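This briefing concerns selected helices and charged pairs. Please consult the sequence and the structure shown here before reading the points that follow.

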Amino acid sequence: MRTVGTYERKTIGIAVGAGLYWGASMLLATVWWAGSTVLDKPSFFDSFSIMVTFALICLLLACGKRFKQKRIQKILALAGIAFFCLSLLASAIAYPDFGWVLPVSLALQGCQTGCFIVFWGLGFASLNKGEAEKTVVVAALVAFAVYGLGGLIPLAAGGVVVAGIMKSLGVVPFLLGLYDMPVVDREPIPKNYALLKPFYASRVFFGASVGVVSCALTFHAPVLPEASIALCILLACVMAGIAVWCLMRQRRITSILRVAPILVIGLLMFPYALGESIPEVFSASSTIIVFLSWIMLSSVQLSDLKERIGWDEVRLSFSEKAVYSAGWLTAYLATFAFCGTLDERILPDFVSHVQMIALYGAVLVACYLMANLIERKDKTRILDTALKLSENQVKIIYDEITAEYGLTGRERDVLALLAKGYSRPLICEKLVIAESTARSHTKHVYQKLGIHSREELYRIIEMRQGRFSSEKDVG
């Protein structure tokens, strides 16, 4: 596969495609919100869209095994585009009297969202650990570059259309066959299944947090000010420049993932930094802040967890989305029902407090989980590197002993196995030789080295390893 630096086409395709999807979602939640739907503010009809999304994801989970096939994955991407086109068609036919078409259009938009959420979830799950971290960083940079550019264009009623086009364009490279999303059958590791409990619990929490803050907007939808054109241009240029630099210089910059949710808040507020309406922007952006915190964490976590529990990408990714959606739907309906019983005089203050509690809780939990995940991965990399260095050290020592004492190639192999503690029957099995041959090789190794036991062999190797450490300290 052709690469750009260390990035394969798959990682670039996923980073750019997911970046377009995330950027379009941010624009709809902020800059393009006013007049982006036929409603003045979110309504209970939106929950119908969420229900459809949840049902769709559960259906995909039920037949998840089929999504190991590339052609079925393409159907998923095409379905997202098709649902978008159908929602536009339904709105165009009913305009200007939407009537019963409104919930149908919202349901179709929910299906589109569901298709793209599970598509990108599967895409990130198909990456390995290193690829996932780099791709999440670049995708976030692309998303905020798109967000900055979109801030220059207050599309209002056209926001839904343009956002849908952007989301659809993101899957085009996959449909053209420029990259694949392989699904690997792994051997389940039941002893690690305990890791799934906190994993799914966190997904219920994030889903519930989004449900609460999105429902709050149905009772109090702030009016957003106009974004600063200068700050939008600056944000777009800086984010695009860093993204290109990451690709060209092969940088990971994964340390920012530890505090990614906090950075998301700052970058979302940036185009409005010169104004006096930051609280309104903060409230309006609350849903997308929690949403982005979840998907950035999920994108990194799935690539790690699949190897630790031995599940394939489809099963893990789709089950996560179903659990998340269940938490989202339950919290949305519960919040809507409870708030409907409150006195209208206290409702705005109550809603604001509930919204902020959910938002802060989700951001803190996301930062904590992300920091723990990245720290553990860093420790794993250090241990893996140390192990490789140790193995290379031992190989060099074996080669030195072979050259110094005139061992043959087969005697060198026997020496290595003796040093690892292999018994004579295991040496015979490993090298596919007779026991008498193994005994003869062992005798020759001992004679040439002037030793009589394995303990003496171990001391020779330990002395040479000590010399390596001394040389390293001096260097």
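Are Glu320 and Arg203 buried or exposed? Both Glu320 and Arg203 are buried, where buried means under 20% relative accessible area, exposed over 50% and partly exposed in between, computed with a 1.4 Å probe on protein chains only. The model is predicted: local features need pLDDT of at least 70, side-chain atom pairs count only at pLDDT 80 or more, and totals for chains, interfaces and linings use all residues. Residues are numbered from 1 along each chain as its sequence is written, and side-chain values use heavy atoms, with hydrogens and water left out.

**Salt bridges**

- The structure holds 10 salt bridges, each defined as a side-chain nitrogen of Lys or Arg within 4 Å of a carboxyl oxygen of Asp or Glu.
- One of them pairs Glu320 with Arg203, with 2.8 Å between the closest N and O atoms.
- Because Glu320 belongs to helix α13 (residues 313-339) and Arg203 to helix α8 (residues 196-219), this pair ties together parts that are 117 residues apart in sequence.
- Helices here are DSSP runs of H or I with at least four residues, numbered from the N terminus.
- Lys306 and Glu313 form another salt bridge, their closest N and O atoms lying 3.3 Å apart; Lys306 and Glu313 are both buried.

**A pair within helix α12**

- Arg308 forms a salt bridge with Asp304, and the closest N and O atoms are 3.7 Å apart.
- Arg308 and Asp304 are four residues apart in helix α12 (residues 286-309), so about one helical turn separates them.
- An α-helix has 3.6 residues a turn, so residues three or four places apart point the same way.
- Arg308 counts as partly exposed because its relative accessibility is 28%, whereas Asp304, at 2%, counts as buried.

**Helix α6**

- Helix α6 (residues 159-170) has 12 residues and should span 16 Å at 1.5 Å a residue, the expected span being 1.5 Å times one less than the number of residues.
- The end C-alpha atoms of α6 are 17 Å apart, which agrees with that expectation.
- Buried residues in α6 include Gly159, Val160, Ala163, Gly164, Met166, Lys167, Ser168 and Gly170.

**Thr402 in helix α14**

- Thr402 is found in helix α14 (residues 347-405) and is buried, with a relative accessible area of 15%.
- Leaving aside residues up to four places away in sequence, Thr402 touches Leu407, Thr408 and Arg412, contact meaning heavy atoms within 4.5 Å.

Technical notes: Helices (H or I, at least four residues) and strands (E, at least two) are DSSP runs, numbered from the N terminus.
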